[in-house]
Amino acid sequence: MEKRIGVVGIIIEEFDNATSVNEILHGFGNLIVGRIGVPYKDRGIFVISIIVDGTMDEISAMTGKLGKISGVNVKTAITKQ
């Protein structure tokens, strides 16, 4: 399967679930090209932006696991080729 580049945006609204997010990201570390995380203390949320390089199946597996965590919102933009 063809590899693609993508950007994954993650918003964590429940601080207690940040550890679960980090465990999943660690497990998919081979896909991650770059990551930036910003705690937005005034709003009580954490925002993470990740650049990924992998197959659609790999990226979908990661985002699917992240999306199942309570209080976590995930959106992805992927290259067409």
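Tutor: The chain has 2 helices and 4 strands, where helices (H or I, at least four residues) and strands (E, at least two) are DSSP runs numbered from the N terminus. Read from the N terminus, their order is β-α-β-β-α-β. The radius of gyration is 12 Å, close to the 12 Å of the globule rule for 81 residues, so the chain is as compact as a globular protein of that length; the radius is taken over C-alpha atoms, and the rule is 2.2 Å times the number of residues to the power 0.38. This is a predicted model, in which local features need pLDDT of at least 70 and side-chain atom pairs count only at pLDDT 80 or more, while totals for chains, interfaces and linings use all residues. Residues are numbered from 1 along each chain as its sequence is written, and side-chain values use heavy atoms, leaving out hydrogens and water.

Of the 81 residues, 31% are buried, meaning under 20% relative accessible area with a 1.4 Å probe, protein chains only. The largest nonpolar core has 18 residues; such a core is a set of buried Ala, Val, Leu, Ile, Met, Phe, Trp, Tyr and Cys residues joined through side-chain atoms within 4.5 Å. Two or more residues each come from β1 (3-12), α1 (18-27), β3 (45-55), α2 (56-67) and β4 (72-78). The most come from α1, which gives 4. Ile10, Val21, Met62 and Leu66 have the most contacts inside the core, a contact being heavy atoms within 4.5 Å. Leaving aside residues up to four places away in sequence, Ile10 touches Leu25, Phe46, Val47, Ile48, Ile50, Leu66, Val72, Asn73 and Val74.

Note on methods:
Buried means under 20% relative accessible area, exposed over 50%, partly exposed in between (1.4 Å probe, protein chains only).
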